[in-house]
Amino acid sequence: MSQDAHAPGIASGRLTAEEYAANFADLHPPLSDHEALVAADRCYFCHDAPCMGACPTTIDIPLFIRQIATHTPEAAARTILTQNILGGMCARVCPVETLCEEACVRMSAEDDPVEIGRLQRFATDRLMAAGPQPFERAAPTGKRIAVVGAGPAGLSCAHRLAMYGHEVTLYDARPKPGGLNEYGIASYKAVDGFAAREVEWLLDIGGITLELGKALGKDLSLDALTEEYDAVFLGLGLTDTNKLGISGEDLEGVVDAVDWIAGLRQAEDPATVPVGRNVVVIGGGMTAIDAAVQAKLLGAESVTLAYRRRREDMPASRFEQDLAASKGVCLLFNATPAEIRGGGAVAEIEFTRTGTDARFTLTADQVMKAIGQKLGDTLGLETDGRKIAVNGTGRTSREGVWAGGDCASGGEDLTVTAVAEGRDAAEDIHATLMGEG
Amino acid sequence: MADLTTDFLGIKSPNPFWLASAPPTDKEYNVRRAYEAGWGGVVWKTLGEAGPPVVNVSGPRYGAIHGPDRRLLGLNNIELITDRPLEVNLEEIARVKADYPDRALVVSLMVPYDEKAWQEILARVEETNADGVELNFGCPHGMAERGMGSAVGQVPEYVEQITRWVKKHYQRPCIVKLTPNITNILAPARAAKNGGADAVSLINTINSITSVDLDNMAPEPTIDGMGTHGGYCGPAVKPIAMNMVAEIARSPDTAGLPISGIGGVTTWRDAAEFMALGAGNVQVCTAAMTYGFKVVQEMISGLSQWMDEKGHKSTADFVGAAVPKVTDWQNLNLDYVTKAEIDQDLCIKCGRCFAACEDTSHQAIAMSEDRTFTVKDEECVACNLCVNVCPVEGCITMRELKPGEVDPRTGMTIPEDKRTWLQHPNNPGADPLACIVRGQ
């Protein structure tokens, strides 16, 4: 601990360099060759494997694990990437405990699944280290497609379209591509600039022109895009955050968790990122967990994650809850925020016990709001009330416009779901443009 | 506690677990460690003629087949007989035997096809006070090129002749070790018996190439870019060995000839199975080479526990007990019908039974939307493949249909009596025995 470890208020440099390095190291270190072979040996090569059904991108998991077991991890990676071009990132960030690994028959057998996520990382790391992305472009089609949003959905869509020989312009409002891979997820899940490396590797397929700093509604309009391009894919993500709607929300020290995480992700050195001494995170999803854990890892003395409902209602998986607890985050359930108080800057936050009149107060010099994100401008498209309405292949209410990822209806707000939706929309766009749709 | 003491040809040992003639028994140091670990007996690694010893390769001697998690399932070797001087081996044998009088010590021998050569070495062995000799007519590599090992074992006349010479020049028990690299194991077994052998031991290793180095395009183990066939052993060869043991045990003209069972014995159960098929004891090599001498402790405790559970007082109680149940295919009851049954509580829903049955067998397993797997009795021929591929022990079992029950597949009512091929109406042959040769 550094001398400033217990400094009051919001401060940076609470820890030593060694502590920061240890705290922000890989959450799941990569498997060694030997570990990968041992892990791969546990796969039963199930028929119509449940893990495969549980994967939003339907990766042929038994096949890729068998390819690892037979010393061809590069072939395994191709199996993965054919279904999910962001297989490297998904291997790191997927909540496998609620997806493929939860479905693994070894859960029934001995409550200990095959380590599918780490094996996927082993294979994709191997292939990415060996060279460029392995897909070739088809002959040029002359078709031009605008993909708006260079997050998982947009990248997946753009890559698949480029593969088919289309010309893609990939727009993003931010200065870097990657979307939540770059700005959102927890640092310890994608160390060493993996998000940026993966995007660079993916774009190497060619045929994709990156246009950064271009926001729809500001620098671009949907009308102009539909005019100029043969098709438009919207992978905008959720750009607005929900408000608590309680007194004190505007006090200094009350932040949106997504913005705070983005700042941390973009920081060169975590020692420069300020964090409160007593932090309260409001919410129950992955963003809340990521914010709480990283606040603790930055040296906050106490971090409380307050969720308004019961533990079993919490969207974040038990694995994530346990991860937070293991890092020293205090999980508080059935706590509804009532009022944030302070003189200028936040000093405390009062809760009610959900559904009762009972009240209690926590000391807080930083409050992070992680109570969900929402769509910004609906762009005149039909919505399901919350998100852009799409059919099974991502078609919106407007002809020539597809959407996928967090901005589109259906699916969970997961990287892997976004990849699947981007890919499937690309397939439909391709079929439509080539007269098969 | 069951008594594991074994009397094999009058050679007493505290248990039926002997180490086979092989690298683990090449010298005094190893053999002393083996006895200390609890092995009942040892067959000393094969001695050759006096004079300059054979020379082994100094590149890799072994190749292997692995199962999941690199479990060693099969091992092949291109090592020759002992490459240490005869004098050294004989001195060590005498010393060890003197120090461990309660353990079996048999000496394996391999010298050229010449009575004098055999006479000379037998005299030397006799001086060591070893309990007996085992004639190595089995090694399929290296020594066979020099007219010994399997080159002898594959010619029954040679087997018989050398056995006669040995019985003529040596007073203690003579075990003839047989090679499996032969069409019918009964021929050399009969020859050994006719030559006066006190017992046969089998199997020696199986000729094999375990793998090919695809970078160098050479078989493994590779010696300076080249490879040769070697002798295969380990768990993978056990089924082959047990069939050969059983054939000798049940053939009228060889029945009763004592057998030392060898081939992939890895656990107490393997040993019990060999012994049930007629082996008076077993010899082990690969298990020791894989796990060290300590494995014998599990073999001793396991066999002992099982014998207690079954009420066997001594190993003689069950040696050969399964032999009467080994028969020809034509004697099997064709009206015996079983059906696979899947225990839904044990099933982990991997679907391997379904894939195996649907793709490669009789489409007798149904798969529901929620991955419940059930047997279609009207299709199930009871092949047992689902049982074999299921990863959960005891999850799929075979239920026997009782007399009076109807087999939904054939519509046949299970009769009280049995009907073999010999009684079956589809059998066109008046004398079906004529074309059937035992052991093939």
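Predicted model: local features only at pLDDT ≥ 70, side-chain atom pairs only at ≥ 80, totals over all residues.

Colleague: How does the radius of gyration of chain B agree with that of a compact globule, and why?

Modeller: The radius is taken over C-alpha atoms, and the globule rule is 2.2 Å times the number of residues to the power 0.38. For the 440 residues of chain B the rule gives a value near 22 Å, and chain B has 24 Å, which agrees. The C-alpha trace of chain B spans about 70 × 50 × 45 Å along its principal axes. A residue counts as buried if 20 or more other C-beta atoms, placed from the backbone, lie within 10 Å of its own, as exposed if 12 or fewer do, and as partly exposed in between; on that basis 44% of the 440 residues of chain B are buried.

Colleague: How many helices and strands does chain B have, and in what order do the strands of its open sheet stand?

Modeller: Helices (H or I, at least four residues) and strands (E, at least two) are DSSP runs numbered from the N terminus, and chain B has 12 helices and 20 strands. Two strands pair if DSSP finds at least two bridges between them. In chain B, 4 strands form an open sheet in the order 5-6-14-11, with antiparallel pairing. Strand 5 (62-66) and strand 11 (206-208) of chain B each have a single partner strand, so one side of each is left without a neighbour in the sheet. Strand 5 of chain B is joined to strand 6 (residues 72-77) of chain B by 5 bridges, and Gly63(B) stands opposite Asn76(B) in strand 6 of chain B.

Colleague: Which domains is chain A assigned, and what is the make-up of the side of domain 1 of chain A that touches domain 2 of chain A?

Modeller: Domain bounds come from an automatic or database domain assignment, which for chain A gives domain 1 (33-130), domain 2 (144-239 + 375-433) and domain 3 (243-373). The centres of domain 1 and domain 2 of chain A, taken over C-alpha atoms, are separated by 26 Å. Two residues are in contact if their C-beta atoms, placed from the backbone, lie within 7 Å, and 12 residues of domain 1 of chain A are in contact with 19 residues of domain 2 of chain A. Helix 6 (residues 87-93) of chain A gives the most to this side of domain 1, with 5 residues. Ala, Val, Leu, Ile, Met, Phe, Trp, Tyr, Cys and Pro count as nonpolar, Asp, Glu, Lys and Arg as charged, and the others, Gly among them, as polar; the side of domain 1 of chain A divides into 8 nonpolar, 3 polar and 1 charged.

Colleague: How many residues does each chain give to the contact between chain B and chain A?

Modeller: Chain B gives 12 residues and chain A gives 10 residues. On the side of chain B that touches chain A, the residues divide into 7 nonpolar, 1 polar and 4 charged.

Colleague: Where is Leu27(A) found, and which residues does Leu27(A) touch?

Modeller: Leu27(A) is found in the loop between helix 1 (17-23) and helix 2 (33-41) of chain A, and is partly exposed, with 15 other C-beta atoms within 10 Å. Not counting residues up to four places away in sequence, Leu27(A) touches Tyr188(A) and Lys189(A).

Colleague: Which residues are joined by a cis peptide bond with omega about 0°, and what is the phi of Asp192(A)?

Modeller: Glu220(B) and Pro221(B) are joined by a cis peptide bond with omega about 0°, and the bond from Leu202(B) to Ile203(B) is also cis, with omega near 10°. Asp192(A), although not a glycine, has a positive phi of about 60°, and with 9 C-beta neighbours inside 10 Å Asp192(A) counts as exposed.

Conventions. Residues numbered from 1 in each chain as written. Chains lettered and ligands numbered in written order.
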